[in-house]
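The sequence and structure come first.

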Amino acid sequence: MKVNKGTYRFTVQADELGELPLTIVVSEQGTYQTEFTTTQPNMEGNSKSNFTFNTTLKNRTAEQQLYALKATAPRGWNVIFKPNYKQATSAQVEPNATENISIEITPPPSIEAGSYKIPVEATTSTTSAQLELEVVITGNYQINLTTPRGLLSTDITAGDTKRIDVVIKNTGSAELKDIQLSSGKPADWEVSFEPATIEKLSVGSTVQATAIIRASKKALPGDYMLRMESKTPEVNATAEFRITVKTPLIYGWLGILIIAGVLGGVFYLFRKYGRR
């Protein structure tokens, strides 16, 4: 109900008892209503962000009001009201007074990028006010690096080259751009990628690249760890590969020839001197 500033005169009549004149002076124009406002109704961030809106609830009535606080949020969202920095589902406001209420909004972790509106309301049996908040999700950045079969081990001969197919997948909810492929390798090894850079990768998509590994000629037989990394400005993923270095085949043949030579020498000496 809207009441203008001014002087108002009334007459109260009672049957056979007379009349009673009343004068009411309204010194300030106002309305019998509630105001729910904020200076920043929208915020932007990724799906792992928490959004805190600072709002003001004003009771412009002539009576103390106990407001029930509620939000209409999409499924999976969490909304917390904090009147005077304390979590609650209601707020008591004196006549013509205000209460500062912070509203904390947390989106689901797997939410897709987009704009989401969260209506909030403060209500009593006689008055209420609504406020619409907006959260803009820029997306959740996640990336995975593996092989087509998930196998993270192989073997190689010292000095040889081997090609390993790797798979990069966008497991987040935002497009990835400028993906760089790199490696942490043992000393004197060489590793390159084809391609070394992936311009963009849409949500849920995969792309395949090839790691070209050249083992050091001086590598001794045994297991070596090779770390591969896919990296963007927002997120990165690593995979540890176990590379088993085997002895070159020529060394095996040389060993056989040496053994054969020794056995041949023993046989010759046995035949020459064995009967004496």
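Predicted model: local features only at pLDDT ≥ 70, side-chain atom pairs only at ≥ 80, totals over all residues.

1. Which residues does S216 touch, not counting residues up to four places away in sequence? They are A158, G159, A187, D188 and W189, where contact means heavy atoms within 4.5 Å.

2. Residues are numbered from 1 along each chain as its sequence is written, and side-chain values use heavy atoms, with hydrogens and water left out.

3. S216 lies in the loop between strand 20 and strand 21; strands are DSSP runs (E, at least two residues), numbered from the N terminus. S216 has a relative accessible area of 7% and is therefore buried (buried is under 20%, exposed over 50%, partly exposed in between; 1.4 Å probe, protein chains only).

4. D188, one of the residues touching S216, belongs to the loop between strand 17 and strand 18. Its relative accessibility is 61%, so D188 counts as exposed. D188 is not a glycine, yet has a positive phi of about 70°.

5. D178, in strand 17, likewise has a positive phi, of about 55°, without being a glycine. Most residues other than glycine have a negative phi, and most peptide bonds are trans. The peptide bond from E194 to P195 is cis, with omega near -5°.

Technical notes:
Helix = DSSP H or I, 4+ residues; strand = E, 2+ residues; numbered from the N terminus.
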